[in-house]
Amino acid sequence: MTAMPSEQIGRFQTDKTEWDNIANTQEFKDLMVTKRDFIVPAFLFFLVYYFLLPILVGYAPKFMATKVIGVVNIAYLFALSQFFMAWTIAWLYVRAANDFDKLAKDIIEKAETRAANNKGGR
Amino acid sequence: MSTPLVMFLIFIAITLGITYWASKRSAGSAAYFAASRRVTGWQNGIAVAGDYMSAASFLGIAGIIAFQGYDGFMFSVGWLVAYLTVLLVVAEPLRNAGRYTMADVLAYRLKPRPVRAMASVSTLTVSTFYMIAQMVGAGALVALLLKDSGISYRAAVIGVGILMIVYVVFGGMLATTWVQIIKAILLMGGTILLSILVLGHFHFSFGAFFDAIAHVTYHEKGQEVVKDFLTPGLRYKPPYGALDLISLGLALIFGTAGLPHILVRFYTVPDAKTARSSVVWAMVLIGSFYIMTTFLGFGAATIVGRDYITTHGGTNMSAPLLAQALAGNIFFAFISAIAFATILAVVAGLTISASTSFAHDFWTNVIHRGVERKPGEEVMVARISAFVVGAVAITIAIVLGPTANVAFLVALAFAVAASANLPVIVLSIFWRRFNTTGAVAGLTVGLLASIGLILISPSLMAVDPPTVTGAARHLIQAKAIFPLENPGILSIPLGFVGAILGTLLSHEPTSEHKFNELLVRSNTGLGAERAGAH
């Protein structure tokens with residue numbers, strides 16, 4: 001094996017391994033889909049929202065300098081809103097991640113039970 | 001003894017006490033490199049914030065806003081938003097699948113030796129560049145803050161360097177963590193106090209405060225000018241200003257999640273859920289801090305004024321001078337001590353991540369193929385390399401001198417993290433086909449592209465007038481070939497292209513076979529490293 005002993009915390013790979021088995025279970029596929037359905041849109045949303053700031057400031061400076069409340073302009077409010085955008089997405093992610101944790105817990109428990117049974121059967 | 005010096009000494013005494021306490025709890029690799037993985041979520045979150053908010057954030061951004069108004073505030077936004085990448089993409093998989101360094105995650109499915117060697121080179125590059133920038137800034141700053149005590153630049157660099165070495169060599173990750181926590185609390189406390197004093201100056205009227213920001217008076221080339229500091233365009237000017245800011249944004253968004261000294265922090269917590277909550281804690285602190293730079297920077301612009309700051313130490317002194325103007329010399333000393341704590345916490349974090357990567361990736365896994373020949377060897381090597389890294393940083397900072405142009409080194413560190421580290425981390429976690437050739441190609445191309453583009457950028461290439469002499473002169477006296485100061489917009493795509501092309505042009509079935517293992521481990525935490533006494 002090219003792999004190093006200190007890296008081998010878990011099990012060894014064979015052709016049809018336990019890791020492959022877990023990866024192919026419906027539970028694991030559900031977990032991946034659930035994660036993807038939150039993370040991909042959230043990531044794309046924040047990229048677009050964030051890069052709108054330098055793009056608008058750079059290419060539409062007159063619009064961004066429009067005063068909204070007293071002397072405070074769109075540019076300042078939009079920059080300030082970025083902080084609340086980041087916090088909101090972080091909060092939504094933590095809520096969604098509690099569901100990921102539940103799904104992952106099932107997978108871990110099943111895998112550990114199977115491993116214990118295999119040992120006992122030998 | 002001057003008041004700032006007394007406050008510096010108090011901070012040093014407290015942190016040395018912590019280092020002594022931590023030194024008795026740092027035996028063994030997991031204890032030394034990862035504080036036994038027993039740091040709690042809020043503690044790690046505060047430490048991440050303390051690791052991340054450098055003097056460049058505290059003094060630098062306050063200064064940029066004081067001098068260039070809105071553009072400086074806009075500049076600060078990306079530093080927080082970047083943590084969404086850390087939260088959504090990197091922190092949890094890394095904690096689930098790794099042990100001490102980012103290369104642990106890569107080494108699962110790829111051939112460990114080439115990947116670790118290259119990842120270690122990239123880590124040491126990022127950490128060293130970032131550290132030199134911090135050390136030069138620290139030396140100049142400490143000398144300035146303590147000029148009444150007669151501390152020179154050279155003495156300041158050596159003092160900061162020795163302290164950082166002592167924290168890391170004796171106290172390991174545990175001492176580093178607590179230095180960062182104390183620094184972050186001091187920094188937040190000082191910033192909140194300063195913000196309240198600024199608002200108090202305007203009788204707690206936001207209207208009056210913003211009206212003052214819209215009419216900032218100062219002298220430019222002998223002429224008095226009045227400018228609206230809320231209007232964009234004072235820093236980022238056409239034709240390349242917007243593009244440079246977008247390029248910086250890319251380097252922050254993709255680079256923060258590839259900074260080795262931030263990534264190692266996620267190994268100090270018991271599990272991925274705690275890693276997640278620590279990112280959220282960090283985001284609350286970092287975001288609040290950058291929002292308050294509004295008060296620090298604009299407060300300095302309106303209450304102290306550009307003219308006074310220019311003649312009293314320059315942009316970096318904006319926040320301390322604001323403190324002096326609002327509450328006198330004691331508060332000046334307090335803010336100066338915070339700046340000092342800030343520098344120390346960041347350089348200690350950089351030192352430990354560099355020495356961890358050298359000891360764990362290069363020494364144990366590349367040279368000795370993953371076998372620790374005798375117990376404690378890995379930690380011993382890390383201690384020696386922390387000492388060497390510190391000594392090298394001190395020497396380079398002294399040779400460069402206080403006037404050296406080093407700001408570009410921070411841009412370079414983020415660019416390398418974004419262009420070399422992040423692409424291979426992400427592709428390794430998410431792309432089944434990814435392989436060793438791709439990882440080595442991605443790391444190499446990302447690293448070389450970042451360095452190459454910085455070399456031909458306006459940071460290092462410009463024609464100086466004869467009046468500019470010594471270290472302040474640009475390295476290459478010619479018109480810059482690459483027009484942007486931040487290479488991210490080009491170097492990040494190049495890093496990804498290198499990684500993808502390298503993968504497609506080679507074939508490595510073992511990497512694909514082991515993908516499921518990494519996928520399950522990184523997404524569920526099955527088989528992850530646990531917290532422990534050892």
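**View 1. Leu443(B) is a buried residue in a helix of chain B.** Leu443(B) is buried, with 30 other C-beta atoms within 10 Å. Buried means that 20 or more other C-beta atoms lie within 10 Å of a residue's own; exposed means 12 or fewer, partly exposed lies in between, and C-beta atoms are placed from the backbone. Leu443(B) lies in helix H18 (residues 436-455) of chain B. Helices (H or I, at least four residues) and strands (E, at least two) are DSSP runs, numbered from the N terminus. Beyond residues up to four places away in sequence, Leu443(B) touches Met118(B), Ala119(B), Ser122(B), Ala420(B) and Val424(B). Contact here requires C-beta atoms, placed from the backbone, within 7 Å. Asn329(B) is 114 residues from Leu443(B) in sequence and 49 Å away in space, C-alpha to C-alpha.

The model is predicted: local features need pLDDT of at least 70, side-chain atom pairs count only at pLDDT 80 or more, and totals for chains, interfaces and linings use all residues. Residues are numbered from 1 along each chain as its sequence is written, while chains are lettered from A and ligands numbered from 1 in the order in which they are written.

**View 2. Val160(B) sits in the largest nonpolar core.** A nonpolar core is a set of buried Ala, Val, Leu, Ile, Met, Phe, Trp, Tyr and Cys residues joined through C-beta atoms within 7 Å. The largest one holds 234 residues; Tyr83(B), Met135(B), Val160(B), Ile286(B) and Leu344(B) touch the most other members. Helix H15 (residues 318-367) of chain B gives the largest share of this core, 29 residues. Val160(B) contacts Met135(B), Ala138(B), Val142(B), Ile343(B), Leu344(B) and Val347(B), leaving aside neighbours within four places in sequence.

**View 3. Chain A meets chain B.** In this contact, 52 residues of chain A face 49 residues of chain B. Five elements of chain A each supply at least two residues to the side that touches chain B: helix H1 (18-23), helix H2 (26-59), helix H3 (61-64), strand E2 (72-73) and helix H4 (74-121). H4(A) gives the most, 17 residues. By class, this side of chain A has 40 nonpolar, eight polar and four charged residues. Ala, Val, Leu, Ile, Met, Phe, Trp, Tyr, Cys and Pro count as nonpolar; Asp, Glu, Lys and Arg count as charged; the others, Gly among them, are polar. Chain A has four helices and two strands, in the order α-α-α-β-β-α from the N terminus. Of its 122 residues, 21% count as buried.

**View 4. Helix H9 of chain B is bent.** H9(B) (residues 153-201) has 49 residues, yet its end C-alpha atoms are only 34 Å apart, short of the 72 Å that a straight helix would reach at 1.5 Å a residue. The expected span is 1.5 Å times one less than the number of residues. H9(B) bends by about 130 degrees at Gly171(B). A bend is the angle between axes fitted to the seven residues ending at a residue and the seven starting there. Just after H9(B), His203(B) has a positive phi of about 55 degrees.

**View 5. Helix H13 of chain B comes close to its expected span.** H13(B) (residues 272-304) has 33 residues and reaches 46 Å from its first C-alpha to its last, close to the expected 48 Å. H13(B) bends by about 30 degrees at Met292(B). Of its 33 residues, 25 are buried. Gly305(B) follows H13(B), with a positive phi near 95 degrees.

View 6. Strands E1 (residues 216-220) and E2 (residues 223-227) of chain B run antiparallel and are joined by five bridges. Pairing needs at least two DSSP bridges. Thr217(B) stands opposite Val226(B) in E2(B). Two residues lie between the strands; Lys221(B), in the turn, has a positive phi of about 50 degrees. Lys221(B) is exposed, with 5 other C-beta atoms within 10 Å.

**View 7. Helix H21 of chain B is enclosed.** Ten of the ten residues of H21(B) (residues 515-524) are buried, so the helix is largely enclosed by the rest of the structure. Among them are Glu517(B) and Arg521(B). Gly525(B) follows H21(B) and has a positive phi, near 85 degrees.

Technical notes:
Contact = placed C-beta atoms within 7 Å.
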